[in-house]
Amino acid sequence: VPLLTAVNSKDFNALPDEIEKHLAAGFTTLEVKVGWDVDKDLERVALIQTVNAGRATLRLDANQGYDQTQAIRFATALNPESIELFEQPCHSADWDANTAVAAVSNVPVMMDESIYGMAEIERAAAMPGCGFVKLKIAKMVSVDALVEGLHRIRELGLTPVLGNGAGPDVGCWIEA
C-alpha cells in the first residue's frame with residue numbers, strides 16, 4: 001500500500017534535508033500542510049517544489065484553514081508542477097466556498113472533512129474542479145459502506161483517496 005509522509009518543517013533552511021530524508025526513505029508522495037498565511041504558504045510550497053525537483057508527488061492540505069478569498073488567492077497562484085491536489089481548502093460546512101475554489105484552482109481539489117457518506121460524495125462530484133474524494137473508515141461506519149463509497153467515487157469519474165493519518169492503527173489497517 002503506497003504511503004505518504006508529511007513535510008513538517010516551516011524552517012526554510014531545514015526543508016531541503018527533510019525532503020531528502022523522505023525521498024531516501026522511499027516516499028513518493030509528500031503532504032504539505034498549508035492554510036495559515038497565503039504568502040508564506042506559497043513561498044514554502046515553491047521552495048519545496050524546487051528541492052523536490054519532480055521526484056515526488058505533492059499534496060497540499062489546507063485542513064479547512066483558509067476562507068474563500070484566501071483559498072482562491074492561494075489556489076490560483078500555485079505553480080501546478082508536481083502538485084497532485086489541493087485538499088479541503090475551506091471549512092467543511094462551507095460547500096459554496098470549497099466549490100468556488102475548486103472551480104478556479106490551478107490543481108484539482110480533494111474534498112475530505114466535508115465527506116461523511118454518499119450524499120457528500122455525490123455533492124463533491126458535482127463540483128467543477130474537484131478531482132478527488134478522501135474517505136475514512138471512521139466516517140463511512142463500515143467496511144461495506146467504505147467499499148461502496150470507493151466504487152461510487154470511481155463511477156462518478158473522481159479518484160478516491162483512502163486513509164486517516166490521525167486514525168488509530170487498527171483503523172488504518174482496516175482501510176489498507
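Glu 84 and Arg 59 form a salt bridge, their closest N and O atoms lying 2.7 Å apart. By salt bridge I mean a side-chain nitrogen of Lys or Arg within 4 Å of a carboxyl oxygen of Asp or Glu. Glu 84 belongs to strand 4 and Arg 59 to strand 3, so this pair ties together parts that are 25 residues apart in sequence. Strands here are DSSP runs of E with at least two residues, helices are runs of H or I with at least four, and both are numbered from the N terminus.

A word on the source: this is a predicted model, in which local features need pLDDT of at least 70 and side-chain atom pairs count only at pLDDT 80 or more, while totals for chains, interfaces and linings use all residues. Residues are numbered from 1 along each chain as its sequence is written, and side-chain values use heavy atoms, leaving out hydrogens and water.

Are the two partners buried or exposed? Arg 59 counts as buried at 15% relative accessibility, whereas Glu 84 is partly exposed at 26%. Buried means under 20% relative accessible area, exposed over 50%, and partly exposed in between, with a 1.4 Å probe and protein chains only.

How many salt bridges does the whole structure hold? The search finds 11. Another one joins Lys 134 and Glu 87, at 3.8 Å from N to O. Lys 134 lies in strand 6 (residues 130-135) and Glu 87 in strand 4, so parts 47 residues apart in sequence are tied together. Both residues are buried: Lys 134 has a relative accessible area of 13%, and Glu 87 one of 1%. These two also belong to a network of salt bridges that includes Asp 112, Lys 136 and Lys 139.

A further pair is Glu 122 with Arg 152, at 2.5 Å from N to O. Glu 122 sits in helix 5 (residues 118-125) and Arg 152 in helix 7 (residues 143-155), 30 residues apart. Glu 122 is partly exposed at 35%, as is Arg 152 at 25%.

What do they pack against?
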